[in-house]
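Here is a short note for someone opening this structure for the first time. Please keep the sequence and the 3D view at hand while reading.

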Amino acid sequence: NTVPYTNEHTGDGNSAVFACLRAIAYAYIEPPLGVYRLDVDGEREPLDDHVILDLFEDPHPELDMWEINWWLSWARHADGNAYLLKVRSGDRIAGNVVELWPVPPNRMRPHTERDSRNFIDWYEMDRADADPERIPVENVIHFKMGVDPCDTRKGISPLKRLVREIASDAEATKFADALLKNFGIPGLVARLPS
């Protein structure tokens, strides 16, 4: 059983936060994707026939690259982490990448074994109908925003520091709405004779 990816955990349910995240996500997808090589003078030379451009053209059975990039920007800014799962043809580790699947940050996390010398040994991905699945590091693209001081394997979003204040604003709005529905009279108010 996994916790659904909801705005209670990220703060993105607040209308002002939502508007800012939306603007950032749309700005993120605006520039076109490309593959470049630096020449001897340090100039970027486009590689218009690079194989990864085919993947960018058709990255997922239902999502296009614009939608995936929009989601990446949203997840990074809301959580500090965004994950793409690589689906490969043939060999599970070395096969060609044929699809990219977004994985919500509350369903995937880096894992390092005790006494391991590796920074990350694998990623754990929660499944609704099974135990967490071990995903090889080679099959995950991990986009981070900064570095979380409590877990340097992960990023941290500024929103995570603001969730308490955002939640307080949301509760104040709910209280005001409830008060207005009751004609401005708070519930359970008793006036005692003096």
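Which residues make up the largest nonpolar core?

1. **The main core.** This is a predicted model. Its largest nonpolar core has 10 residues. They are Leu55, Phe56, Met65, Ile68, Trp71, Leu72, Ala75, Ala82, Leu84 and Leu100. At least two residues of this core come from each of α3, α4 and β3. The biggest contributor is α4, with five residues. In soluble globular proteins, nonpolar side chains tend to be buried together.

2. **Trp71 and its contacts.** Trp71 belongs to the largest core. Leaving aside residues up to four places away in sequence, Trp71 touches Ala82, Tyr83, Pro102, Val103, Pro104 and Pro105.

3. **The largest pocket.** How much space lies in the largest pocket? The volume is about 440 Å³. Its lining counts 21 residues. Nearest the centre lie Leu33, Phe56, Met65, Trp66 and Asn69. Two or more lining residues come from each of α2 (15–29), α3 (52–57), α4 (65–79), β3 (81–88), β4 (97–103) and β8 (140–144). The top contributor is α3, with five residues.

4. The pocket lining is made up of 17 nonpolar residues, one polar and three charged. Two residues deserve a second look here.

5. **Overall layout.** The protein chain has five helices and eight strands. From the N terminus, the order is α-α-β-β-α-α-β-β-β-β-β-β-α. The chain has 194 residues, and 31% of them count as buried. Take the contacts between residues at least 6 apart in sequence: 50% of them join residues at least 24 apart.

6. **Surface.** The protein chain exposes about 13,400 Å². Carbon and sulfur atoms supply 54% of that area.

7. **One backbone point to check.** Where is Asp115 placed? Asp115 is in the loop between β5 (108–111) and β6 (122–127). Its phi is positive, about 70°, although Asp115 is not a glycine. Most residues other than glycine have a negative phi. Is Asp115 buried or exposed? Asp115 counts as exposed because its relative accessibility is 74%, and the cut-off for exposed is over 50%.

Technical notes:
Residues are numbered from 1 along each chain as its sequence is written. This is a predicted model: local features need pLDDT of at least 70, side-chain atom pairs count only at pLDDT 80 or more; totals for chains, interfaces and linings use all residues. Side-chain values use heavy atoms; hydrogens and water are left out. On a 1 Å grid over the protein atoms alone, a cavity is a set of points where a 1.4 Å probe fits but cannot get out, and a pocket is an open set with protein on both sides within 12 Å along at least five of seven lines; lining residues have an atom within 4 Å of a point. Grid points are joined across faces, edges and corners, and a volume is the space filled by probe spheres set on the points. Helices (H or I, at least four residues) and strands (E, at least two) are DSSP runs, numbered from the N terminus. Ala, Val, Leu, Ile, Met, Phe, Trp, Tyr, Cys and Pro count as nonpolar, Asp, Glu, Lys and Arg as charged, and the others, Gly among them, as polar. A nonpolar core is a set of buried Ala, Val, Leu, Ile, Met, Phe, Trp, Tyr and Cys residues joined through side-chain atoms within 4.5 Å. Buried means under 20% relative accessible area, exposed over 50%, partly exposed in between (1.4 Å probe, protein chains only). Contact means heavy atoms within 4.5 Å. Accessible areas come from the Shrake-Rupley method with a 1.4 Å probe; for residues, only the protein chains shown count as cover.
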